[in-house]
Amino acid sequence: MSLQLACMVLIGIACAFGAYRNLVQATRWRWLLVAGQLLGAVLLALTLFPPSMVQAPQTLLVLTPGVDAKQLRDLDAGQLTVALPGVEVAGDWIMRTPDFAAALRTLPRVAALRVLGDGLPARDRDAVGVRALSFEPSAPPIGFVVLDFPAAVDSGVLWRVGGRVEGVFSAHVELLDRAGTRAATATVDEQGHFQLSATSRVPGTETWRLRLLDANEAEVDVVSLPLRVRMPAALRGVILAGAPDAESKYLRRWALDAGHQIGSEIRLSRGIEQRGESVKLEPASLAEMDLLIVDERAWAGLSAREKQDIGEAIRSGLGVLLRVSAKPSAAVLAEWRELGVNLQASATKDQAQSTDTAAINLGQDRPALAIVDAGLVPLLRAEDGTLLAAWHGVGQGRIGIWLPRDSFRLQLAGQGSRYGTLWSRVFSTLARARGTREPQLPHWARVGERTQVCGLQIGADVIDPAGTQFALLVEPSDAACASWWPSSAGWNRVRDENGTWPVFVHTADEGQSLHRAETREATRQLIEPEIPAWTVATRLPRWPWFLAWLAISAPLWWLQRKLAARA
C-alpha cells in the first residue's frame, strides 16, 4: 500500500467516525457538522497530496565554458537560460547553477536543450536523459585535438603516437624524451594528421613531451605523454620447423634475447634433428607451454595423437602460430581448415608494402597463398589490405597463421626495434594468458576532474606524489569501479591487494585544446533533434488548500465546542 493510499484510508475512517457521532446527536446542526467534516476531509487530503496540472514543455538555453562573445551578444533575454560554472556572463535573467542536474531539478518542464560553447562537461552529460539536444559550438580550439598513444608498452618495443591538430598551418610536431632531447619529429599534413615513433628500453615510468610548432618555430601547444614501460613477461614456447631457414633462426635468437624460454626442434635432414631443448608434445608439457610455433612440414610430421593433444591444449589456453615456409600439402591444409584457418591459392604474389615497416617490404617473399578472412582478427596487413597474418580464438586459446618468410630482413637492415615490436605483438596476442589482470586505469586523468578506475578489489586506495593515501570506494558490481578526484599532478599510484599501478595526473591547464575537443565530441554524441513526447505534470501549491481547510475546520471546532457545552 502506498503512502498516499494509506493516508486517504485513515482520513476516510476518521471522517466516517466523526460523521456517525454527529448523526446520532439529536441537534439541528448535525447535518451542517457532517457536511463540514466531509468538506474538511477533502481539503485535508488535497493539502497533503495536491493535484497535478499538465503544462507545456520548455526549451532551455545552456551556456557552457568556451562560449564566445558573438554567441553571448545574440542571446535573447526572453529565453530561459542557464550558465554552467566557468561561464562569465552578465544579466540578471540568466540562472547560475553549480551543475546541470541542479538546474533541471528546478526546471521540470524542460524537454529540449540548446547548448552553446564547448559542450557539456562529463559530470553533466548523464543529466540530459531523453531530452532533445542541439549543439552550437564556439570557435574551434587551436592545437592538439586528437592524440592516440599507448598507456603502457613493453621495454625495447617500438611505440607510436599519432593525432590531429587544428588551427595551425605549416606546422610540425616534436617528440621529446624525459631528458628533453628530441627523439622524433614529423610534419603535419594538410588534414592536420601526424605520426611519430620511439622506443623505451628501461622499465618504469616515463614522461615524454609532445610539442606543436608553427612555421616560425613558435610553440603553439605542448602536452605530456606518460608511459608505463613494462618488462615483458617471460613466455615458455617451442619452435618446430621441418627444415632450417632464416625466419626460425632469427626468431629463436630474438625470443631468447627477449628473455623467453624457447625450445626448438629443427630437422636438418632425414633422421637428423637440431634440438635446443628437449621437446615433448604431451598433455603435461603442453599445459606448461604458452606458445607453440610450427610450420607446415613440422605439422605434417606430427602423429595423430600429438595433433589431438595440441587441439585439446588450444581449447585449454595454449597459443599456436602456424607458420608457412612453403606451400602446404592438401592434407595439411585440410587439417588446418578444421582448426579454423583456411588458406587458398592466390593468383599472384602480393608485392604490397606492409604497414608495419617503412624500409622492408614484408610479404614479398611468401607462398602464393591467401588467407580466407572468415571471422579472423588481422595481425599484419599489406598496404592494400591483404592479410599477411591473422588469428582467431578456439576455446580459451588462440590460433594464428603467418605467411611472410622475410621478417628477418628487418634485423639484417638494422631495424631490430621494428622486428622486436612485430614479434612481441605476435607473442603477446597469441600466448596463453597468465598472471593477474590489471585494472582499467584512466588514460588521461586531470587535477580536479572526476576519473574512474575499474577492476579493483575492495579496500583499494590512491597514493599521491607526496605519499598521502586516499581510500577508494569500490562499487560492489562486476565492473568494480571507483571514482576519484585527483588533487595532485604527477605520478600517483593506485593500489589494491593484487598490486600497485602508476597513474599520471595532468595539471588542470594542460592540454586545453584536447580537453575542449573531447568535450565537443562527447556533446555531439548526445545530439537528438526530435523532441520526445513530453508531458509535465506539476503539483499545485499546498498553501491554498491548507487555508481552505483551516477556514472550514476552525468554525466546525467552535460549533462543536459550543454544542458540547450546552449538552
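Here is a quick briefing on the aromatic contacts and the pockets in this structure. Keep in mind that the model is predicted. There are eight aromatic pairs to look at, and the largest pocket holds about 1,100 Å³ of space. The second largest pocket comes in at about 740 Å³.

**Aromatic rings**

- The count of aromatic pairs comes to eight, and one of them is Trp491 with Phe504, an edge-to-face pair.
- Trp491 belongs to strand β30 (residues 490-496) and Phe504 to strand β31 (residues 499-506), so the pair links distant parts of the chain, 13 residues apart.
- How exposed is Trp491? Its relative accessibility is 22%, so Trp491 counts as partly exposed.
- Phe504, on the other hand, has a relative accessibility of 13% and therefore counts as buried; the cut-off for that is under 20%.
- Elsewhere, Trp254, Trp402, Trp423 and Phe427 are joined into a cluster by ring pairs.
- There's also a charge over a ring: Arg253 lies over the face of Tyr250, 5.4 Å from the ring centre.

**The largest pocket**

- This pocket has about 1,100 Å³ of space and a lining of 33 residues.
- Which residues lie nearest its centre? Those are Asp154, Arg230, Pro232, Ala233 and Ser428.
- Helices α6 (246-257) and α12 (416-430) each supply at least two residues of the lining.
- Of the elements involved, α12 gives the most, with six residues.
- By residue type, the lining of the largest pocket splits into 12 nonpolar, 11 polar and 10 charged.

**The second largest pocket**

- Here the space is about 740 Å³, and 26 residues form the lining.
- Closest to the centre of this pocket are Ala122, Arg125, Glu449, Arg450 and His515.
- The lining of the second largest pocket divides into nine nonpolar, nine polar and eight charged residues.

Conventions:
Residues numbered from 1 in each chain as written. Predicted model: local features only at pLDDT ≥ 70, side-chain atom pairs only at ≥ 80, totals over all residues. Heavy atoms only, no water. Phe/Tyr/Trp six-rings, centres within 6.5 Å; stacked < 30°, edge-to-face > 60°. Helix = DSSP H or I, 4+ residues; strand = E, 2+ residues; numbered from the N terminus. Buried < 20%, exposed > 50% of the residue type's maximum accessible area, 1.4 Å probe, protein only. Lys NZ or Arg CZ within 6 Å of the ring centre and 35° of its normal. 1 Å grid on protein atoms, 1.4 Å probe; cavity = no way out; pocket = protein on both sides within 12 Å on 5 of 7 lines; lining within 4 Å. Points joined across faces, edges and corners; volume = space filled by probe spheres on them. Nonpolar A, V, L, I, M, F, W, Y, C, P; charged D, E, K, R; others polar.
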